[in-house]
Amino acid sequence: MELVLSKSEREALKALYRLTKAGTDAHTGALADSLGISPGTATTTVKRLADRALVDHRPYRGVELTVLGRRAAVAAIRRHRIVERFLSDMLGYAWNEADRFAGSFEHDLPQEVEERLYVALDRPATCPHGFPIPEAQEGEIDELPVLYALEPGDVATVAVPGSTDPEVIAFLATLGLRPGVTVEVREKHPFDGPMVLRVAGEDRTVGEKLARQLFVSKEPAPAERAGSPARKRERPERSDRREHSA
């Protein structure tokens, strides 16, 4: 049976999952900051989740997702990334627009429609930002290392968080660094020095700070499958700053 969640509950579960994966103490204050809501509203939402056995909330010890809660959080992230893929592949939205529109209607999407979208999209492996779409019923999502963790000779596919500053996105575009682009590390200077990457046949230099803002998959990018829905139109990448809520 499908677990029915409100928009606020689903967003809270996603935020709590991100906080715990990042090693941050998942207390109600951090949750409030993450969601841009008041501490009182965050506390009320956490209490509702605790009543449904989705979180364990103990005073002064923060909030912990239960096994059921982690599975619900991953399911919520999966739904968001599938909707992003739909907006990008079927409606032609740029990768850095899809996140904003996905958050507008994903919460009213029946489970059956979500699964049909997933099948119609030919079961995509990643969202438009390059992050993995977990399988249904999974309780964890594979973490991607940052670009700066790579060493010379490593080849990887780039993933860009939706929270990336619009000026950074514009600069990355000049380097050819977009979600799904394959890069090879040519050099990595010591003492937190810059990296030299091979991108589309050209060498590009990326500083340590920027390289820690990008994520990568060391697996080769999946080839386009025959019969995949074609992207009908492309839009220029917008520079609106948006949090990638999944």
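This is a short tour of the structure, one selection at a time.

**The whole chain**

Start with everything shown. The model is predicted. Its protein chain has 8 helices and 7 strands. The chain has 246 residues, and 43% of them count as buried. Now think about contacts between residues at least 6 apart in sequence. Of these, 68% join residues at least 24 apart.

**Stop 1: the start of the chain**

Select L3. This residue sits in the segment before α1.

Leaving out residues up to four places away in sequence, they are R52, L54 and A72. L3 and A75 are 72 residues apart in sequence, yet their C-alpha atoms are 10.0 Å apart in space.

**Stop 2: the largest core**

Next, select L13, L16, Y17, L31, L49, V55 and L65. These residues have the most contacts inside the largest nonpolar core, which has 23 residues. Which elements supply at least two residues each? They are α1, α2 (28–35), α3 (39–51), β2 and α4. Helix α1 gives the most to this core, with 6 residues.

Keep L65 selected and look around it. Neighbours within four places in sequence are set aside here. L65 is then in contact with L13, L16, Y17, L54, V55, R70 and A73.

There is also a second, separate core, with 22 residues. Select V168, L177, V185 and L197 to see some of its members.

**Stop 3: a hairpin**

Select residues 55–58 and 62–65. These are strands β1 and β2, which run antiparallel and are joined by 4 bridges. Pick out H57: its bridge partner in β2 is V63. Strands β1 and β2 form a hairpin, with 3 residues between them. In the turn, click on Y60. Its phi is positive, at about 70°.

**Stop 4: a buried histidine**

Select H80, which is found in helix α4 (residues 67–89). Why does H80 count as buried? Its relative accessible area is 0%, and buried means under 20%. Now show the side chain of D99. A polar contact of 2.6 Å joins the side chains of H80 and D99.

D99 leads you to the next helix. Select α5, residues 95–105. Its buried residues are W95, N96, E97, A98, D99, A102 and G103. What covers them? The cover includes α1 (7–21), α4 and α7 (166–175).

**Stop 5**

Select α6, residues 111–120. Its buried residues are E114, L117 and Y118. Turn the view until you look down the axis of α6. The buried residues fall within an arc of 100°, so they line one face of the helix. What covers them includes α4. Now check the other side of α6, where E112 and R116 are exposed. Finish at D122, which follows α6 and has a positive phi, near 65°.

**Stop 6: the open sheet**

Show the strands of the sheet. How many strands form it, and in what order? There are 5, in the order β6-β5-β4-β3-β7. The sheet is open and the pairing is antiparallel. Its edge strands are β6 (202–206) and β7 (215–217), and each pairs on one side only. From one strand to the next, the twist averages 45°. Strands of a sheet pair through backbone hydrogen bonds.

Zoom in on one pair. Strand β4 (residues 182–188) and strand β5 (residues 195–199) are antiparallel and share 5 bridges. Select K188 to see one of the links: its bridge partner in β5 is M195.

**Last stop: an edge strand**

Select E202, which is in strand β6. E202 counts as partly exposed, because its relative accessibility is 42%. E202 and L175 are 27 residues apart along the chain, and 9.2 Å separates their C-alpha atoms.

Technical notes: Residues numbered from 1 in each chain as written. Predicted model: local features only at pLDDT ≥ 70, side-chain atom pairs only at ≥ 80, totals over all residues. Heavy atoms only, no water. Buried < 20%, exposed > 50% of the residue type's maximum accessible area, 1.4 Å probe, protein only. Polar contact = N/O pair within 3.5 Å; in protein donor to acceptor, adjacent residues only side chain to side chain. Contact = heavy atoms within 4.5 Å. Arc of directions from axis to C-beta. Pairing = 2+ DSSP bridges. Axes fitted to C-alpha atoms, helices over the stretch in contact; angles between N-to-C directions. Core = buried A, V, L, I, M, F, W, Y, C linked by side-chain atoms within 4.5 Å.
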